[in-house]
Amino acid sequence: MSEQPENTPSTPHAAPAPQGPAVDEVGRPVVRRGSQRFAPGEGPLPDPAGSHHERRIRSFQPRRSRVTTGQAEAMLKRWPDWGLDIDGSRVLDLAEMFDGLPVVLEIGFGMGEATAQMAAADPGTGILATDVHTPGQGNLLGLADRNGLTNVRVANGDAIILLREMIAPESLAGCRVYFPDPWPKKRHNKRRLIQPEFLTLLAPRLKKGALLHCATDWEEYAEQMLEVLTAHPDFENSQADGGYAPRPGFRPVTRFEGQGLDKGHVVHDLLFHRV
């Protein structure tokens, strides 16, 4: 089913959209469907890299769910300073963005609880957290704001475009991919993020010795991750036996992970270094 563009009037005679975010009678932002509820510069764009549209298999499925008033308020307050759209138009100056901190890229942060916990526990590391889920973006910005986490930046859009066009060589101190979509149906396995092509794109952006940390509770995907990472010449397993790693203390148990553990799922962590 096709979907009407989010900033298009619902009828041919509708009034033009307002220039700023709508507010209620007491000045609170009114939450609308889709991410185009925000005026330019005040929130994420629905398609930031439109001019870079490609016919390629995507590893993510955009989710359109309701943004709460609190998430919208956090977006309006913090997006101009802590958010960025992945538009492919420039190479990011990570040293300036994070005041010289080493920077770890996190791909897919969900609602951001684990990201906020890791940022609070390690204020000496910057986290560039990317996702396409607007409620999660607002939630993470709210957590960062309430807890004074100045070492978090939220990126909206396709991580492949971010890596390929906006991250300089050897500028990342690490990369985290926690519980990516497993695409469980066999015909969809090609959509999984951890593939040889992705690792070849990521490797030059990582500093030597940087850690790539993946985690999944989908057994078959864990096996594929281990096989693909082991075979790639730019990565080396941190485990002497060539297998999975114990969960490191810096990775919190997320709510999603806890639900899986309650169902008997086994979580596998993979820690590989850039050689």
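At what angle do helix α3 (residues 113-121) and helix α4 (residues 134-146) pack? In this predicted model, the two helices meet at an angle of about 25°, and their axes lie 9 Å apart. The protein contains 8 helices and 8 strands, and 48% of its 275 residues are buried. The points below treat the overall fold, the packing around α4, and a set of individual residues.

**Overall fold**

- The secondary structure of the protein consists of 8 helices and 8 strands.
- Of the contacts in the protein with a separation of 6 or more, 79% are accounted for by residues 24 or more positions apart.
- The accessible surface of the protein is about 13,900 Å², and carbon and sulfur atoms hold 52% of that surface.

**Packing of α3 against α4**

- Two packed helices are described by the angle between their axes and by the distance between the axes.
- For α3 and α4 these values are about 25° and 9 Å.
- Because angles under 35 degrees count as roughly parallel, α3 is roughly parallel to α4.
- The crossing in which α3 passes α4 is right-handed.
- Glu113, Thr115 and Ala116 of α3 form this contact with Asn139, Leu140 and Leu143 of α4.
- By class, the residues of the contact of α3 with α4 comprise 3 nonpolar, 2 polar and 1 charged.

**Packing of α1 against α4**

- The axes of helix α1 (residues 69-82) and α4 cross at roughly 75° and come within 8 Å.
- Since angles of 65 to 115 degrees count as roughly perpendicular, α1 and α4 are described as roughly perpendicular to each other.
- On the α1 side, the contact is made by Gln71, Ala74, Met75, Lys77, Arg78, Trp79 and Trp82.
- On the α4 side, the contributing residues are Thr134, Pro135, Gln137, Gly138, Asn139, Leu141, Gly142, Ala144 and Asp145.
- The contact of α1 with α4 has 7 nonpolar, 6 polar and 3 charged residues.

**Asn139 in helix α4**

- Asn139 belongs to helix α4 and takes part in the contact with α3 as well as in the contact with α1.
- The relative accessible area of Asn139 is 18%, so this residue is buried.
- Apart from neighbours within four places in sequence, Asn139 is in contact with Gln71, Met111 and Glu113.

**Residues with positive phi**

- Most residues other than glycine have a negative phi.
- Glu170 is not a glycine, yet has a positive phi of about 50°.
- Glu170 is placed in the loop between α5 (159-166) and β5 (172-178) and, at 41% relative accessibility, counts as partly exposed.
- Phe179, likewise a residue other than glycine, has a positive phi near 55°.
- Phe179 is located in the loop between β5 and α6 (196-202); with a relative accessible area of 15%, Phe179 is buried.

- Thr254 lies in the loop between β7 (235-237) and α8 (255-262).
- Thr254 and Phe179 are 75 residues apart in sequence, and their C-alpha atoms are 9.9 Å apart in space.
- Not counting residues up to four places away in sequence, Thr254 touches Ala114 and Phe179.

**Arg90**

- Arg90 is situated in the loop between β1 (83-85) and α2 (94-97).
- With 36% relative accessibility, Arg90 counts as partly exposed.
- Leaving aside neighbours within four places in sequence, Arg90 is in contact with Leu84, Asp85, Glu165 and Met166.

**Arg274**

- Arg274 is part of strand β8 (residues 268-274) and, at 11% relative accessibility, counts as buried.
- Arg274 and Leu211 are 63 residues apart along the chain, whereas their C-alpha atoms are separated by 6.4 Å.
- Beyond neighbours within four places in sequence, the contacts of Arg274 include Ala203, Pro204, Leu206, Lys207 and Lys208.
- Gly209, Ala210, Asp234 and Phe235 are also in contact with Arg274.

How values were computed: Residues are numbered from 1 along each chain as its sequence is written. This is a predicted model: local features need pLDDT of at least 70, side-chain atom pairs count only at pLDDT 80 or more; totals for chains, interfaces and linings use all residues. Side-chain values use heavy atoms; hydrogens and water are left out. Helices (H or I, at least four residues) and strands (E, at least two) are DSSP runs, numbered from the N terminus. Buried means under 20% relative accessible area, exposed over 50%, partly exposed in between (1.4 Å probe, protein chains only). Contact means heavy atoms within 4.5 Å. Accessible areas come from the Shrake-Rupley method with a 1.4 Å probe; for residues, only the protein chains shown count as cover. Axes are lines fitted to C-alpha atoms, for helices over the stretch in contact, and angles run from 0 to 180 degrees between N-to-C directions. Angles under 35 degrees count as roughly parallel, over 145 as roughly antiparallel, 65 to 115 as roughly perpendicular and the rest as oblique. A crossing is left-handed if the near helix is turned anticlockwise from the far one by less than a right angle, and right-handed if clockwise. Ala, Val, Leu, Ile, Met, Phe, Trp, Tyr, Cys and Pro count as nonpolar, Asp, Glu, Lys and Arg as charged, and the others, Gly among them, as polar.
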